[in-house]
Amino acid sequence: MSADISVDHVVDTVHRLHEQTPLVQCITNYVSMDLAANVLNAAHASPAMVHDEREAAEMARLASAVVVNIGTLSPPWVTGMHEAASVAAERGIPWVLDPVAVGATAYRRETTNALLTHRPAVIRANASEIVALATAQGAGRGVDSTHDSTAVVEQAQALASATGSVVVVSGASDVVTDSVTTVIVDGGDPRMPLISALGCAATALVGGAAAVAPTPLLGAVAAMAMLANAGERAGRSAQGPGTLRPALLDALWAQRPEDLRDVVLR
Ligand SMILES: Nc1ncnc2c1ncn2[C@@H]1O[C@H](COP(=O)(O)OP(=O)(O)OP(=O)(O)O)[C@@H](O)[C@H]1O
Ligand SMILES: Cc1ncsc1CCO
Ligand SMILES: [Mg+2]
């Protein structure tokens, strides 16, 4: 485990999340809206799925964090993304980018590169998306990863160094790095990637935790640890991805900060 981030820090961050219930503005995709909002609610944060270009900036002035996800993007949404990200950057609140399937199309690559100019506090992606971003080459078949998170640690560190963002690579083990400090979060359930948009919901939770944590690195570790711990607990009763989904929401809601002591960080 990294000396810079301990389980005590994670427990403290979850305490803060429960106490502060931060307002998290999510500009996220159609698939993920329901799950991301419910994951934030279960984790005691307060979601607002507000994306239109006529109100995205105004909402970002009220929020404690902004989440931008390019999963089902189109030009009017992209305008809202830029407006909200730029207000977040101006106000010094964390904003988190989820570059869904960035390697798949030119439009996704161009949009992601343009959004990166607002300097996200955190980039949360799966391993194939990190490879696509770090190498500027197409990778993956679409939204699902064909790479292993722990095999792309160096690319994640290089991306963190190039962008100044904390980079989170989700997978069987989650990799969280600011290029200097790298933390691996183990745990979860192998059926978690079969819940569509759970990664997008993880990104939203990273926004919530980053809103209350002293650093985006700690916020990102705490969010991934919450999901790993809740996923593992939920997995004990679930029969498949269908029953894992509600069980995961229940486990997150029942999660006490002290439960995070069970999480393995390395
Ligand atoms: N094999 C696994 N074992 C345990 N947990 C996993 C595994 N794979 C992914 N997870 C967890 O599932 C959640 C979603 O991560 P995933 O890598 O599937 O995101 P994603 O590919 O971006 O998903 P989506 O695009 O559907 O939103 C994360 O909390 C991650 O830690
Ligand atoms: C399946 C899917 N397609 C676009 S976004 C999304 C949700 C998972 O990323
Ligand atoms: Mg994803």
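**Reading the ligand sites and the loops**

Mentor: Let us begin with A197, which lies in the loop between β8 (182-185) and α8. Helices (H or I, at least four residues) and strands (E, at least two) are DSSP runs, numbered from the N terminus. This is a predicted model, in which local features need pLDDT of at least 70, side-chain atom pairs count only at pLDDT 80 or more, and totals for chains, interfaces and linings use all residues. Residues are numbered from 1 along each chain as its sequence is written, chains are lettered from A and ligands numbered from 1 in the order in which they are written, and side-chain values use heavy atoms, with hydrogens and water left out.

Trainee: Is A197 buried or exposed?

Mentor: Buried means under 20% relative accessible area, exposed over 50%, and partly exposed in between (1.4 Å probe, protein chains only). A197 counts as buried because its relative accessibility is 12%.

Trainee: Which residues is A197 in contact with, leaving aside its neighbours within four places in sequence?

Mentor: Contact means heavy atoms within 4.5 Å. On that basis, A197 is in contact with V31, S32 and L35.

Trainee: Which residues are around ligand 2?

Mentor: A residue is near a molecule if one of its heavy atoms lies within 4 Å of it. Around ligand 2 these are N29, V31, G71, V100, V143, S196, A197 and C200. Taken alone, ligand 2 exposes 290 Å², and the protein buries 75% of that; such areas come from the Shrake-Rupley method with a 1.4 Å probe, and for residues only the protein chains shown count as cover.

Trainee: Where does ligand 2 sit?

Mentor: A pocket is found on a 1 Å grid over the protein atoms alone, as an open set of points with protein on both sides within 12 Å along at least five of seven lines, whereas a cavity is a set of points where a 1.4 Å probe fits but cannot get out; lining residues have an atom within 4 Å of a point. A molecule sits in a pocket or cavity if more than half of its atoms lie within 2 Å of its grid points. Ligand 2 sits in the largest pocket, and the space taken by ligand 1 is likewise the largest pocket.

Trainee: Which elements give two or more residues to the shell around ligand 1?

Mentor: They are β5 (122-126), α8 (198-212) and α9 (216-235). The most comes from α8, with 3 residues. In total, 20 residues surround ligand 1, and the closest are N126, S170, D174, G199 and C200.

Trainee: How should I read the polar contacts of ligand 1?

Mentor: A polar contact is a pair of N or O atoms within 3.5 Å; within protein, one must be able to donate a hydrogen and the other to accept it, and residues adjacent in sequence count only if both atoms are side-chain atoms. An N or O atom in the side chain of N126 is 2.9 Å from an oxygen atom of ligand 1. An oxygen atom of the ligand is also 3.3 Å from a polar backbone atom of G171, while a nitrogen atom of ligand 1 lies 3.4 Å from a backbone N or O atom of D189. The protein covers 90% of the 630 Å² of accessible area that ligand 1 has on its own.

Trainee: What is the place of S149, and which residues does S149 touch?

Mentor: S149 is found in the loop between α6 (127-135) and α7 (153-163). With a relative accessible area of 2%, S149 is buried. Beyond residues up to four places away in sequence, S149 touches A127, V169, S170, G171, A172, S173 and V175.

Trainee: Where is M192 found?

Mentor: M192 is in the loop between β8 and α8, and is buried, at 14% relative accessible area. Its contacts, not counting residues up to four places away in sequence, are L198, L227, G231 and L244.

Trainee: What should I note about phi?

Mentor: Most residues other than glycine have a negative phi. T21, which is not a glycine, has a positive phi of about 35°. T21 has its place in the loop between α1 (7-20) and β1 (23-27). Phi of S179, also a residue other than glycine, is positive and near 90°; S179 lies in the loop between β7 and β8.
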